[in-house]
Amino acid sequence: MRDSLAVPEDTIRTTVGDLALPRMGVVEQVWETDPIPTEEIESRAASATHDLDFDHVPDGGEVAIGAGSRGIANLGRIVRGVVAGVREQGYEPFVFPAMGSHGGATAEGQREKLNTLGVSEETVGCEIRATMEVETVGETPERGVSVYADANAVAADAIVMVNRIKPHTDFSGEVESGLSKMLVIGMGKQKGAKMAHDWAVDWSLRNMLPEIASQLLDSLPVAGGVAIVEDEHDDTTLLEGVPASGFLKRERELLEMAYDRMPTLPFDELDVLVVDRIGKDVSGQGMDTNVTGRRHFTINEPEPESPEVKRIFLRGMTEKTKGNAMGMGQADFVHHDILDGIDTSKALINAITASTVRCVRLPPVVENDRAGLLGALGTVGPVAGDEARVLRVTDTMRLQRVYASAPLIEAARDRDDLRVVAEPDELAFDDDGDFAAPSPDGGHDSSD
């Protein structure tokens with residue numbers, strides 16, 4: 001029945017007419033990076049804890065360490081280092097899941113989710129206390145919004161958050177995805193996450209996060225956080241202890257660094273962007289809106305200034321997303337593999353919690369890659385197929401190597417930040433009409 005929803009290639013070809021397909025080569029982005037050596041990650045994380053505010057904590061006091069964001073490189077090593085650093089200073093650490101409603105909004109589900117991220121009692125060397133119980137720790141002064149926090153964290157003598165600082169997919173502000181967001185939404189568990197996203201409808205997360213984070217900093221014994229910044233390869237490039245006294249100010253500064261290191265598309269104007277896979281392990285919105293330039297599904301938030309992409313054709317999902325097709329609503333066409341693999345319950349629950357239901361709308365479904373490319377090219381205006389600016393990427397996280405059409409290859413030759421790796425050649429398809437060439441960055445196909 002599902003396959004019957006996929007529009008056949010012949011139907012699309014009849015509709016768009018005799019449209020030439022672009023010749024595609026390979027372009028590589030030239031990035032200068034300086035990642036922290038893997039063998040130093042744990043010790044650097046431990047050292048970062050010495051910059052936190054523990055003056056109020058009694059000897060042997062309990063320190064709650066919040067962790068749980070997906071997609072962070074070396075997370076297990078970093079949390080293990082934070083645990084060791086806290087213990088070195090004479091305190092007793094425990095880890096709690098700070099992940100809002102993730103893990104099915106159950107304590108056991110969140111414990112299991114931490115385990116998949118490399119954080120377990122065995123790997124980090126301390127107890128993990130998981131609960132969905134929260135305490136009300138105050139309310140915002142003007143709107144009277146209740147502020148919630150994990151019950152185990154509230155009972156501790158100090159709280160330390162561990163998270164990556166990065167641009168958020170749903171909004172732009174002075175603080176976005178990072179320590180403050182983990183305090184407000186992650187530590188707020190399902191109740192806090194739902195509250196934040198409900199109020200985002202007319203308050204905006206850009207205004208809400210700093211205000212509620214300030215309320216939590218005033219109400220709870222937050223010692224600070226260990227901030228992580230990653231480079232264009234998603235390797236750890238900075239680990240820094242941010243004390244509570246400078247929480248919001250330093251996070252603003254680190255966000256600027258994260259924007260500078262964020263991988264982006266090598267071209268700002270595209271006719272067609274082909275994305276091999278979406279996934280919650282790629283971005284909270286499946287495709288990073290800072291990369292695609294599409295934020296139309298959010299509420300009261302402007303679109304990013306760039307890039308400008310006329311059409312997006314989405315081919316598949318990562319295995320780790322487990323059928324959660326969050327992000328498919330950004331696309332204009334999707335391969336039938338999306339329809340075949342979607343877990344509609346997971347996707348909808350995620351979308352309702354985040355108030356981004358438009359992001360899980362199902363675009364037109366096509367039977368194969370050739371049909372998707374033809375449909376996209378046939379709807380970008382009076383642009384000949386062989387003159388179209390077409391880019392194919394693995395996903396919005398892996399962008400060093402991309403397939404690029406001939407006009408983009410020519411543009412790349414004049415830029416120092418790009419290198420032409422392979423000259424344009426005719427597109428090859430297998431017997432099913434799907435791309436014969438593997439994903440451009442790392443050779444992973446959409447099932448990896």
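**Ground rules.** I number residues from 1 along each chain as its sequence is written, and I use heavy atoms for side-chain values, with hydrogens and water left out. Because the model is predicted, I required pLDDT of at least 70 for local features and 80 or more for side-chain atom pairs, while totals for chains, interfaces and linings use all residues.

**Domains.** I looked up the domain assignment, which gives domain 1 (3-31 + 264-426) and domain 2 (40-261). Such bounds come from an automatic or database assignment. Taken over C-alpha atoms, the centres of domain 1 and domain 2 are 32 Å apart.

**Sheet.** I traced an open sheet of eight strands with mixed pairing, in the order β13-β12-β11-β10-β14-β15-β1-β16. Strands (E, at least two residues) and helices (H or I, at least four) are DSSP runs numbered from the N terminus, and two strands pair if DSSP finds at least two bridges between them.

I then followed strand β1 (residues 24-29). Five bridges join β1 to β16, and the two run antiparallel; V27 has V420 of β16 as its bridge partner. Five bridges also join β1 to β15, again antiparallel, and here E28 is partnered by R401. On to β14 (residues 390-393): this strand pairs with β15 in the antiparallel sense over two bridges, and L391 has A404 as its partner in β15.

**Buried parts.** I checked cover next, taking buried as under 20% relative accessible area, exposed as over 50% and partly exposed as in between (1.4 Å probe, protein chains only). In β15 (residues 401-405), four of the five residues are buried. In helix α7 (residues 179-186), the count is seven of eight; among the buried ones are M182, L183 and I185.

I also looked at T131, in the loop between β4 (127-128) and β5 (134-139). T131 counts as buried because its relative accessibility is 14%. Leaving aside neighbours within four places in sequence, T131 is in contact (heavy atoms within 4.5 Å) with A107, D150, N152 and K189.

**Salt bridges.** I counted 27 salt bridges, each a side-chain nitrogen of Lys or Arg within 4 Å of a carboxyl oxygen of Asp or Glu.

E230 bridges to R164, with the closest N and O atoms 3.1 Å apart. E230 lies in β8 (residues 222-230) and R164 in β7 (residues 158-164), so the pair ties together parts 66 residues apart in sequence. Both E230 and R164 are buried.

R392 bridges to D276 at 3.0 Å between the closest N and O atoms. R392 is in β14 and D276 in the loop between β10 (269-275) and α11 (289-292), so this pair ties together parts 116 residues apart in sequence. R392 and D276 are both buried.

R250 and E253 form a bridge with the closest N and O atoms 2.8 Å apart. They sit three residues apart in helix α10 (residues 247-261), so about one helical turn separates them. R250 is partly exposed at 25% relative accessible area, and E253 is partly exposed at 33%. Together with E240 and K249, R250 and E253 are linked in a network of salt bridges.
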